[in-house]
Amino acid sequence: MRWSTYRTTDGDEQVGLWRGDRLHPVPGTSSLLELIARERLATAAEQVGEPIDPSTVVLLPPIPRPPSIRDFMAFEEHVVTASAAIGLTVDPLWYQQPCFYFTNPASLRGPHDEIPVPPGSAALDYELEIAAVIGREGRDVAPADAADHIAGYLLFCDWSARDLQGTEMKLNLGPAKGKDFASSCGPWMVTPDELVPTAAMAASVNGRPCSAGRLDALYWSFAQMIAYASRGTRVVPGDLIGSGTVGTGCLLELSRVHGGDAYPWLQPGDRVHLEAEGLGAIDAGIVPGPAPVPLRPEGTS
């Protein structure tokens with residue numbers, strides 16, 4: 001099944017189930033998270049209404065307000081190339097345990113929302129990813145049991161300000177402002193039975209193909225990521241578990257291999273298209289963002 005959350009012309013949020021290219025509203029609920037938490041997806045699928053024209057609504061993130069977003073770094077090709085891009089080699093520890101950071105649920109955007117350049121950045125990048133949606137609470141989950149805690153999967157983009165990221169991580173904390181300004185996901189969540197294990201993933205900028213990879217290139221599986229995320233704490237319904245960038249799945253990697261002139265940072269007016277087999281597409285325009293607000297009066301230190 002493919003589930004979406006959308007906004008109607010009246011401004012209301014609604015949950016819908018896709019059948020082919022038709023979107024069927026689910027009466028009586030405006031929250032996909034509520035359906036997941038109460039394990040009511042199957043029941044709701046039997047109660048959908050008459051289809052609506054998808055072009056008349058605005059697709060939102062399938063889970064518009066997730067409790068948390070943990071974004072891992074689980075594709076080896078990306079880790080190797082991105083590390084080299086900033087003058088590092090891969091720490092052997094990466095092969096012993098997965099790693100992740102928390103990003104900002106309040107900055108989550110839908111699949112067609114515009115992305116403003118973050119304040120003070122001149123190095124905006126995309127990251128082509130897939131995320132799992134937690135469907136059942138768990139603590140210290142074993143990898144063998146993790147599948148029981150997954151409600152579905154969705155296409156995910158971790159937008160990154162590489163200059164801000166590089167500066168702030170010199171302070172041995174982060175990433176923070178280099179990442180938390182925007183993440184995109186959608187257009188739908190697929191239930192686990194519809195996920196293609198070998199799903200092809202691709203990205204283009206202004207119609208030019210840039211990135212290409214496959215989901216089965218993961219070094220750390222989603223089961224292992226969820227087990228690590230839940231170690232000593234809880235994962236709860238609606239949490240997003242990002243895979244991290246697929247190999248070749250960002251401009252940082254591509255510019256490292258082919259040169260910055262061949263793969264420049266994103267600029268206002270650019271259009272980024274990300275897609276994954278069975279998971280639909282994110283299509284986002286880049287627009288100007290605000291100037292940074294000074295933290296102290298000019299001339300003080």
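Me: How many bridges join β10 to strand β19 (residues 240-242)?
Reply: Heads-up: this is a predicted model, so local features need pLDDT of at least 70 and side-chain atom pairs count only at pLDDT 80 or more, while totals for chains, interfaces and linings use all residues. Residues are numbered from 1 along each chain as its sequence is written, and side-chain values use heavy atoms, with hydrogens and water left out. Helices (H or I, at least four residues) and strands (E, at least two) are DSSP runs numbered from the N terminus, and two strands pair if DSSP finds at least two bridges between them. β10 and β19 run antiparallel, and the number of bridges joining them is three.

Me: Which residues touch the most other members of the largest nonpolar core?
Reply: A nonpolar core is a set of buried Ala, Val, Leu, Ile, Met, Phe, Trp, Tyr and Cys residues joined through side-chain atoms within 4.5 Å. The largest one has 57 residues, and β10 (128-134), β12 (150-158) and β20 (271-276) are among the elements that each supply at least two. A second, separate core of 22 residues includes I36, A45, L154 and C185. Back in the largest core, the residues touching the most other members are Y126, Y153, W159, L215, L266 and L274.

Me: Why does S183 count as buried?
Reply: S183 sits in strand β14 (residues 183-185). Leaving out residues up to four places away in sequence, S183 touches T103, S107, L108, R109, F156, C157, D158 and W159, where a contact means heavy atoms within 4.5 Å. S183 counts as buried because its relative accessibility is 0%.

Me: What do the buried residues of α6 pack against?
Reply: The buried residues of α6 are L251, L252, E253, L254 and S255. After the helix comes G259, with a positive phi near 100°. The packing partners of those buried residues are α3, β9 (124-125), α4 and β17 (208-214).

Me: Which element gives the most to the lining of the largest pocket?
Reply: On a 1 Å grid over the protein atoms alone, a pocket is an open set of points with protein on both sides within 12 Å along at least five of seven lines, and lining residues have an atom within 4 Å of a point. The lining has 33 residues, with M73, S83, I86, Q165 and M169 nearest the centre. β5 (69-72), α3 (76-85), β6 (100-103) and α4 (162-168) each supply at least two lining residues. With four residues, the biggest giver is α3.

Definitions and conventions: Buried < 20%, exposed > 50% of the residue type's maximum accessible area, 1.4 Å probe, protein only. 1 Å grid on protein atoms, 1.4 Å probe; cavity = no way out; pocket = protein on both sides within 12 Å on 5 of 7 lines; lining within 4 Å.
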